[in-house]
Amino acid sequence: MTEKNVVTAIHDTLHDEMAADDRVVVLGEDIAVRGGVFRVTQGFLDEFGEERVIDTPLAEAGIIGLAVGMALHGLLPVAEIEFADFIHPAFDQMVSEVARMRYRSNGDFGLPMVVRAPWGGGVHGALYHSQSIEAFYGHIPGIKVVVPSTPADASGMLRSAIKDPDPVLFLEHKRTYRLIKGDVPDEPFEVPIGKADVKREGDDLTAVSYGLSLHLCLEAASRLQDEHGVSVEVVDVRTISPLDAETILASVRKTGKAMVVYEDNRTYGAGAEIAATIAEECLFDLDGPIVRLGGPDVPAMGFASNLEQAFLLDADLIAERMLQLARF
Amino acid sequence: MATRVTTEPSHEALGLSPDDLRAMYRTMVTARLIDEAAFRLNRQGKAPFVVPVSGHEGCQVGTAWPLRQGQDIWVPYYRDVAVVLIAGMTPYEIFLGLFAKADDPASGGRQMPSHWGSRRLGIISHSSPIATQIPHAAGIAYAAKYRKEDAVVGCWFGEGATSAGAWHEGLNFAGIHRLPIVFVCENNRYAISVAQPMQMAIANVADRAAGYGFPGVVVDGNDVLACYGAMKTAVERARSGEGPTLIEAKTYRFFPHTSDDDDRSYRSREEVDEAKNQDPITRFATTLKDAGVMDDAAIEAVWAETKPKVDEQIDQAWNAADPDPSTLGRHVFFEGDDG
């Protein structure tokens with residue numbers, strides 16, 4: 001085991017997968033000479049060469065479309081969208097092409113490709129470097145959408161994503177990159193896509209979350225245990241689509257109370273789907289209303305520190321709502 | 001500025017044998033007969049949607065002919081009946097698609113007709129949004145070059161596609177990396193109803209190639225041998241590592257955009273009739289007769305022999321099994337190697 005932060009875990013895993021299989025190529029803006037704006041591909045150009053580490057023109061639909069072509073012809077492309085906010089020009093490629101290639105060809109063609117994108121706020125990213133995009137793509141059958149939030153999960157799920165025969169949108173919360181540290185196994189390992197994970201066991205209520213919010217939930221849960229003796233179970237969604245309802249529902253059935261916490265705008269966010277699933281499947285196991293805690297329904301967070309903080313959830317608010325639910 | 005191919009090339013100079021010419025002519029006739037049959041079936045209520053090819057047979061056969069089945073990659077668009085015939089698709093398979101049958105090789109009846117695809121034949125599946133396949137073609141060419149394959153990618157589209165961002169993004173990348181690819185624009189002057197002057201401020205799509213650092217060539221799309229010559233040069237260039245070419249074949253479609261379109265709202269009948277005087281099949285027949293390769297009887301025989309063959313395959317396709325609705329949920333994700 002080695003302690004790493006999230007961005008180092010992603011760098012090291014991508015590096016090892018490139019070293020192990022010359023079908024793996026990386027492409028995106030500023031990823032070669034610059035090594036990526038977050039340094040995920042630092043040193044790759046020197047080690048793997050310009051044929052495998054491709055600085056692309058500034059054109060996101062093109063990046064995804066090129067990756068489609070590469071995946072159709074024997075390569076395993078890992079495309080980087082510099083900020084998730086910039087993926088929107090590639091929406092047509094993602095929805096019309098990436099998600100539908102296998103389905104529309106009746107299984108004849110597949111796309112073993114990964115699209116990596118740093119998402120989320122808390123780094124003064126303002127309107128166009130802070131967005132949550134998981135709900136757009138969670139809605140589209142044919143793409144797997146993953147949101148690992150710890151160094152070990154990021155490493156294990158990236159390896160799974162590269163080996164997956166289907167397209168995976170791999171979302172990395174940029175605030176966790178250097179904030180969150182943890183042990184990562186030294187030998188190659190995989191964390192399965194489509195499996196949620198109980199990050200903290202508890203009995204009184206279940207908090208379901210992912211991304212930076214997951215860590216805020218863990219902090220709030222710890223505080224509630226210490227200050228109020230309330231035992232909170234925290235489930236890390238890890239995969240937005242396909243959603244692991246089984247793990248989530250098992251936890252809710254055990255605790256009888258459910259809270260869904262996510263950074264995205266509250267309305268039509270991934271948390272809405274999770275809350276609906278809980279309501280459909282275990283209404284009669286519930287001892288209180290499902291609580292949905294999300295971002296405000298404004299277009300984006302602001303640049304000013306206080307505007308950004310006003311948008312984002314924090315551990316205080318989450319702890320307060322957890323206590324309310326626990327006492328319901 | 002783009003080069004314009006003006007001289008009438010002789011087939012000997014192009015390296016084509018009389019047998020090649022007869023086979024090219026037969027393919028053009030097959031495409032035309034498929035079209036006529038498809039519209040007949042549409043009027044009979046047996047084919048809900050038809051995308052016609054008539055008028056484009058010359059540029060399609062000319063530009064597809066220099067590529068090799070099984071080695072090169074075909075990235076067609078919906079009008080490319082003759083391109084997929086040359087890639088190895090049979091009329092039977094095309095009609096399986098028209099009737100949305102279970103064995104339709106492109107999609108098993110999921111896609112609209114003329115949305116081609118076959119991994120076995122190297123024909124890349126495409127969607128309905130225009131020009132999304134252009135970056136795919138560039139990515140395939142990149143992979144072929146990376147894997148040091150001796151493969152060339154042919155990529156076809158209409159002039160309307162050249163307005164889309166994805167078209168620019170694909171050609172730009174192909175130019176930067178000098179990829180083994182030939183871009184073929186079948187310019188029929190209308191993107192459904194929008195005429196070329198409202199699509200672009202230039203007369204020749206091929207001029208755009210200058211912006212990507214590779215040659216652009218304008219060719220008479222109704223002259224199959226001129227198209228063949230331009231493509232042969234472009235394919236040789238691509239195969240030898242010199243990079244892409246943009247070929248613009250000026251042509252015309254004789255029928256509406258699809259069976260659901262009414263082109264009388266945007267094209268005069270005089271204009272359509274005038275274009276039919278440049279029918280690529282009639283022109284090629286004249287060339288063949290002038291060259292002494294085929295006489296009138298031989299030409300007539302091609303039509304007479306091909307029609308019953310096409311009709312037989314229509315019947316076969318019509319009687320094939322429909323898709324099973326219980327398969328609706330299949331192939332969203334990988335189901336195993338035999339899935």
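The centres of domain 1 of chain A and domain 2 of chain A, taken over C-alpha atoms, lie 26 Å apart. Chain A is divided into domain 1 (2-184) and domain 2 (197-326), with bounds from an automatic or database domain assignment. This is a predicted model, in which local features need pLDDT of at least 70 and side-chain atom pairs count only at pLDDT 80 or more, while totals for chains, interfaces and linings use all residues. Residues are numbered from 1 along each chain as its sequence is written, and chains are lettered from A in the order in which they are written.

Two contact surfaces involve chain A; residues are in contact if their C-beta atoms, placed from the backbone, lie within 7 Å. Between the domains, 23 residues of domain 1 of chain A meet 25 residues of domain 2 of chain A. Between the chains, 34 residues come from chain A and 37 residues from chain B. α3(A) gives the most to the side of chain A that touches chain B, with nine residues. Helices (H or I, at least four residues) and strands (E, at least two) are DSSP runs, numbered from the N terminus.

Chain B holds an open sheet of six strands in the order β1-β7-β8-β4-β3-β2, with parallel pairing; strands pair if DSSP finds at least two bridges between them. β7 (residues 216-220) and β8 (residues 245-250) of chain B pair over five bridges.
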